[in-house]
Amino acid sequence: MAKTKLVVDPITRIEGHLRIEAQSENGKISQAWASATQFRGIELVLQGRDPRDAWAFTQRICGVCTTVHAIASCRAVEDALGIKIPHNANTIRNLVHGMQYIQDHVIHFYHLHALDWVDVVSALSADPSKAAAIGKSISPWPNNDEAHLRAVQQRVKKFVGSGQLGIFAGGYWGHPAYKLPPEVNLLAVSHYLEALDWQRDVIRLHAIFGGKNPHPNFLVGGMASAINLSQATTFNAERIADINGMIKRAKDFVEQVYWPDLVAIAGFYKDWGSIGGGVPNHMACGEFPETDINDTKGLYFPRGIIMNKDLSHVVEYDQKKVKEYIHSSWYDYSKGAEEGLHPYEGETKPNYTGPKAPWTGYLQDEKKYSWMKSPRYEGKAMQVGPLSRMLVAYASGHKDAKELITEALKKLNVGPEVLFSTLGRTAARGVETVLLAHKMEGWMADLTTHIKNGDTATFTKDKWEPSSWPKKAEGYGYLDAPRGALGHWVQIEDEKIKNYQCVVPSTWNASPRDAQGQPGAYEASLADNHPLVDPERPLEILRTIHSFDPCLACGVHVLDAEGNEISSVEVNT
Amino acid sequence: MLTPSAYPWVEGESLGQHLDERGIPRRDFLEYCGSLAVMLGIGSAAAPKVASALESQKRPSVVWLQLQECTGCVESVLRTESPTIGDLLLDVISLDYNHTLMAGAGKAVEKAKADAMAANKGKYLLVVSGSIPTKDNDIYTMIGGKTARQQLEEAAEGCAAIIALGACAHWGGVQGARPNPTGAVGVRDIIKNKPILVCAGCPPTGDTVTATVVHFLTFGALPEMDREGRPLFAYGERIHDQCSRRAHFDAGQFVDTFDDKGAREGWCLYQVGCKGPATFSPCPIFKWNTRTSWPIEAGHPCIGCTEPYFWDTMTPFYGRLPDVAGFGIEKRVDTIGLSLALGAAAGVAAHATMTVLHQIKRRKATEQVPEATEDEGVNNG
């Protein structure tokens, strides 16, 4: 069989704009190319601005993981200025970020990823009583009953019969890679719909602490939501009760719907435990400080690196060893395109050299083919994300993570080696969601205990006024986001941002080839024992790409240390 | 919601029948239409008209393009209020293209979009989130091998009207802030021959979008708009005039720094940079996330995100209004605020003065909004 070149553009059910190109032969992918096709330049926009505003600008990098850049930015500025935030502010950030993880991972599983594994049309031929029996056998969730499932099925039948398929038009229904029995498909479709209502409820926690979601408000030095139990308009007992309810409903759904579904569906796709492993190095910068962001030993999700799938050893992570390369990216560096630059020295001069639009050929024939740079750790490609975090936790002897992973492996009757795969990435996301669903209660208890003991501080004001800042300062803010390790680097001079650089999860995962020819994580995974039965219906590619939960708007950035072209913006007054 | 409803609305079925099918009592539906009518500013007496318009509707096609953006606007609409009836409302549409939710990818979805546009030529509603980069031959956002501009122009050609959703589609958004590295502009800068409505904000509330769609279906036209193209039912009121902390402004009770005594008493955030006095937005009325809270209620100053070019005109965000780049105005608010803060005036007298001096600035579509001046003290952008 001849080599087939193919393009999938746009990749849907992701954040941002991603194009995947590949070559396939005899039903397998031999090579793949990931191209980020959007560039926004937000870091350049940040130059010269008040560093206390940076969280709001960087937050708009992504409206899906809508808290992560804001918190990382606050941490970077706080690091630069030597601000230690109050204990309660740290706890509130954990609560906000924790709920972000939970909501984001559930939405990812049902609304962005499930249709890669679940055939909606097949659900029409399910026997609802058998589906209910399966549902009851895996979970006490009350809606896994026959009447409910029968009603869902009737409705889906009518929907398909209407001929107006909306977002389901163009799906790959009936593809031979779909393996679930109709009854499991029906259960998953039912939960797809339930998850839509659930996500709207639990994310209200962000509105309580940040005023709204998407894009809740944050504050350098702490959080803006003041605590006063004797005030109707501040954080008080009414808000506490509301949040406790949300945390309980979040936990119930994760434990009784998401996790059992994940384990059940994984049981039918065990072959995906040896597909799509890709880059064998996994990096986690760690997340959820118990008290102090600088206490990296006290992080709930530990920091570290697994090299070459070796779970017997965790390598220490040091941000100084991160460099970004532009060998395959549409940028120039003043020292030449083959140099790597640490974010503090980072520069980005966009220089598009690709084909003229519209694109009719293949970017894979070009030397440079993406707006994504290639970050490398000591020159090595890394994977980041839930799997990397859970592998680091597992290898570090993290009790909760180890227990849950062991339990899941036992249920599926497989060994830890299957974790390095497309299935492993999807399963690890569920593992950490369960861990956080439990952890939320602890953080909430911590907050209420502090309030009870008279500690209501949420903001440190000593370094709020720019006149109290040093003439020059630089800081690093890390955060392990739902999609993986994130870093913000800020340099402040004369009370303004001099330089700002973000190296984000999807830059690591979606990076193009570097000068050594090392592919990025998407590219390596697609070429790792990866099937592709029908290039016209590239369902398998979607499975592996979605297992990373791509967030392309995050990955593409610009920094121009030289500040080359400053064009004027029309200000409408 | 924007997904196939659990209760699909099928061909040949009117909304009335569809509601029966869903077991929604007619009284609930009418009540809902009443509250929608109020929200749309047409008075609850118009509820029957809303109801009859909705009941007779078939699902019109909606094509949703996401250009240079962050997906926050899609997420916001995912949070829209009134789950049951809200789901129904957006199920009133047939969402024939949406990058975030579609099952297929690549060629399959581009074809689905082309098919929907051809089948509904002249009738479909085009929703656009994200800006259009215009520098360097438009190369900074490519989707399906085409530039954002080309995607927009193709989709706009056969549409009935456009909803420009969020700050990016409105005027360019965060990537359009100085120095606008990619030359990002809004929909109105590219498309000149179609009615364009702007749901302003970064992001706008999902409920504003929902209500706008209902208006379009009910009255067959876009709602009345201000000169920015923002619907008056949502953007006709200034935050400062509807703010739950307004009484503290009038009484001269201000937060001086975050987490101080005033902050813990829920006082006015003007001194820590609130842009409420210069911002027209439904936040204090509709609130956010099923009416849970909104930014000022949760203790953070408004950043003015519904106003055009707010990333440049409203920054620094923690600067008091007259010190902010785009202003040099609001002197009256400032002077009065300061004197009140100093305790020069208080109580009833102060409140009365404020009420006279600070008349509610409700904008009318018919009158040109005055440019910001020393006297007027309002910048509409």
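Predicted model: local features only at pLDDT ≥ 70, side-chain atom pairs only at ≥ 80, totals over all residues.
**Chain B as a whole**

Begin by selecting chain B, whose secondary structure comprises 17 helices and nine strands. Of its 381 residues, 69% count as buried. Colouring by accessibility displays a surface of about 12,100 Å², 54% of which belongs to carbon and sulfur atoms. Where chain B residues at least 6 apart in sequence are in contact, 73% of those contacts join residues at least 24 apart.

**A buried serine in chain B**

Next, select B:Ser129, which is found in strand 3 (residues 125–129) of chain B. This serine is buried, with a relative accessible area of 0%. Its side chain makes a polar contact with the side chain of B:Trp64 at 2.9 Å.

**The interface between the chains**

Now show both chains. Here 96 residues of chain B are in contact with 101 residues of chain A. The area buried between chain B and chain A is about 8,800 Å², and carbon and sulfur atoms give 58% of it. Polar contacts across this interface join 44 residue pairs, both residues being at pLDDT 80 or more. On the side of chain B that touches chain A, several elements each supply at least two residues, including helix 4 (72–78), helix 5 (83–91) and strand 2 (94–98). Helix 6 of chain B provides the largest share of that side, five residues.

The count of salt bridges between chain B and chain A is three. To view a salt bridge between the chains, select A:Arg239 and B:Glu297, whose side chains meet at 2.9 Å, N to O.

**The nonpolar core**

The largest nonpolar core has 267 residues; those touching the most other members are A:Met99, A:Phe209, A:Phe235, B:Leu126, B:Val187, B:Phe310 and B:Trp311. Helix 9 (residues 237–268) of chain A gives the most to this core, with 14 residues. Another core lies apart from it and has 16 residues, among them A:Cys285, A:Val384, A:Tyr476 and A:Ala485.

Centre the view on A:Phe235 to examine its neighbours. Among the residues that A:Phe235 touches are A:Ile208, A:Phe209, A:Leu229, A:Ile243, A:Met444 and A:Ile451.

**Salt bridges within the chains**

Over all chains, the structure holds 45 salt bridges. Side chains of opposite charge can pair when their charged atoms come close.

In chain A, select A:Arg150 and A:Glu146, which form a salt bridge with the closest N and O atoms 2.6 Å apart. Both residues lie in helix 6 (residues 146–162) of chain A, four residues apart, about one turn of the helix. A:Arg150 is partly exposed at 38% relative accessible area, and A:Glu146 is likewise partly exposed at 32%.

Proceed to A:Lys251 and A:Glu441, whose side chains meet in a salt bridge at 3.4 Å, N to O. A:Lys251 lies in helix 9 of chain A and A:Glu441 in helix 12 (residues 422–452), so the pair ties together parts 190 residues apart in sequence. A:Lys251 is buried at 17%, whereas A:Glu441 is partly exposed at 37%.

In chain B, select B:Arg246 and B:Asp250, a salt bridge at 2.9 Å between the closest N and O atoms. Both lie in helix 12 (residues 246–250) of chain B, and both are buried.

Finally, return to chain A and select A:Asp201, A:Arg204, A:Asp242 and A:Arg249, which are linked in a network of salt bridges.

Methods: Residues numbered from 1 in each chain as written. Chains lettered and ligands numbered in written order. Heavy atoms only, no water. Buried < 20%, exposed > 50% of the residue type's maximum accessible area, 1.4 Å probe, protein only. Contact = heavy atoms within 4.5 Å. Areas by Shrake-Rupley, 256 points an atom, 1.4 Å probe, with all protein chains shown as cover. Core = buried A, V, L, I, M, F, W, Y, C linked by side-chain atoms within 4.5 Å. Buried area = accessible area lost by both parts, 1.4 Å probe. Salt bridge = Lys/Arg side-chain N within 4 Å of Asp/Glu carboxyl O. Polar contact = N/O pair within 3.5 Å; in protein donor to acceptor, adjacent residues only side chain to side chain. Lists of a residue's contacts leave out its neighbours within four places in sequence.
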